[in-house]
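The exercises below concern one protein chain. Each task is followed by a solution in steps.

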Amino acid sequence: MKPTILIVEDEREIAQLIQNMLETEGFICQTCGDGAEVLQIVQALQPDLIILDLMLPGLDGLEICSRIRQQSFEKDPYILMLTARAEELDRIIGLSTGADDYLTKPFSPRELVARVRALLRRSLRGGQSSHLIYQTKYFTVDVDHHAAQRHLPGQAVETLDLTSLEFKLLQTFLSHPGRAWSRTQLIDNLWGNDFFGDDRVVDTQVARLRKKIESNPAQPQFIKTIQGVGYKFEDEP
Ligand code: CA
């Protein structure tokens with residue numbers, strides 16, 4: 001089965017260029033230039049992946065992204081967000097809209113195809129479940145049910161409200177407690193090894209996760225910074 005990709009882009013030449021590239025690679029593509037029509041098309045087409053431009057007439061890319069994540073489509077599509085300016089990228093990543101990856105225009109055809117392939121290789125979503133659960137002394141992550149809990153001594157079990165990136169980061173940490181991770185290794189785990197962006201995106205995600213799991217994020221007891229290396233997760237106070 002060839003993966004189906006929906007290209008949402010109002011600049012016709014760019015949409016056409018992306019379509020040609022991806023069709024050459026064997027994907028089935030459909031394009032849409034109006035943000036207001038996207039949700040209907042997603043419903044009908046059930047794409048595996050959506051390439052979503054940020055600035056669109058009708059509904060903008062951020063709004064479309066969050067609406068797609070709120071609805072339960074038969075297939076939960078991967079979303080690769082396109083932005084026109086690099087400065088927008090940090091802001092968008094900070095908003096954690098539910099996009100799986102981001103790319104700044106102009107991008108090379110090779111880079112786009114690499115990102116698309118990296119996303120489609122992932123198997124966290126899309127039905128093949130392998131009931132993965134990671135448990136440490138104070139945390140549990142249930143990958144299939146996308147559920148994370150903190151169970152501190154003497155306190156009721158708390159369900160953690162995490163974005164998809166925060167969840168994946170916690171999952172990565174719990175998979176190897178005590179292991180030192182470089183920023184590059186964390187990027188590979190969170191975004192795939194075709195990520196070309198800045199290491200700082202890891203720091204942003206770590207700061208966000210600390211706010212949700214640490215009693216005092218300024219003096220973290222679980223996610224430790226290792227100077228000159230990266231981060232380490234320790235489940236002992
Ligand atoms: Ca646009």
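**Exercise 1. Helix 8**

List the buried residues of helix 8 and compare its reach with the expected span.

Solution. In this predicted model, the buried residues of helix 8 are Val 201, Val 202, Gln 205, Val 206, Leu 209, Arg 210 and Ile 213. The helix covers residues 200-213, which gives 14 residues. From first to last C-alpha it reaches 20 Å, close to the 20 Å expected at 1.5 Å a residue.

**Exercise 2. Thr 163**

Locate Thr 163, decide whether it is buried or exposed, and give its C-alpha separation from Gln 205.

Solution. Thr 163 sits in the loop between strand 9 and helix 6 (164-175). Its relative accessible area is 18%. The cut-off for buried is under 20%, so Thr 163 is buried. Gln 205, one of the buried residues of helix 8, is 42 residues from Thr 163 along the chain, and the two C-alpha atoms are separated by 9.8 Å.

**Exercise 3. Pro 153**

Solution. Pro 153 is found in the loop between strand 8 (147-150) and strand 9 (158-159). Its relative accessibility is 57%, so Pro 153 counts as exposed.

**Exercise 4. Aromatic pairs**

Classify the ring pairs that Phe 222 makes with Tyr 138 and with Phe 233, and state which parts of the chain each pair joins.

Solution. A pair of aromatic rings is described by the distance of the centres and the angle of the planes. The count for the model comes to 5 aromatic pairs. For Tyr 138 and Phe 222, the ring centres are 6.0 Å apart and the planes stand at 65 degrees, so this pair is edge-to-face. Tyr 138 lies in the loop between strand 6 (133-135) and strand 7 (139-142), and Phe 222 in the loop between helix 8 and strand 11 (223-226), so the pair ties together parts 84 residues apart in sequence. Both Tyr 138 and Phe 222 are buried.

For Phe 222 and Phe 233, the centres are 6.4 Å apart and the planes at 25 degrees, so the pair is stacked. Phe 233 belongs to strand 12 (residues 230-233), and the pair links distant parts of the chain, 11 residues apart. Phe 233 is buried, at 0% relative accessible area. Tyr 138, Phe 139, Phe 173, Phe 222 and Phe 233 form one aromatic cluster.

Key. Residues are numbered from 1 along each chain as its sequence is written. This is a predicted model: local features need pLDDT of at least 70, side-chain atom pairs count only at pLDDT 80 or more; totals for chains, interfaces and linings use all residues. Side-chain values use heavy atoms; hydrogens and water are left out. Helices (H or I, at least four residues) and strands (E, at least two) are DSSP runs, numbered from the N terminus. The expected span of a helix is 1.5 Å times one less than its number of residues. Buried means under 20% relative accessible area, exposed over 50%, partly exposed in between (1.4 Å probe, protein chains only). Rings of Phe, Tyr and Trp (its six-membered ring) pair if their centres lie within 6.5 Å; planes under 30 degrees apart count as stacked, over 60 as edge-to-face and the rest as tilted.
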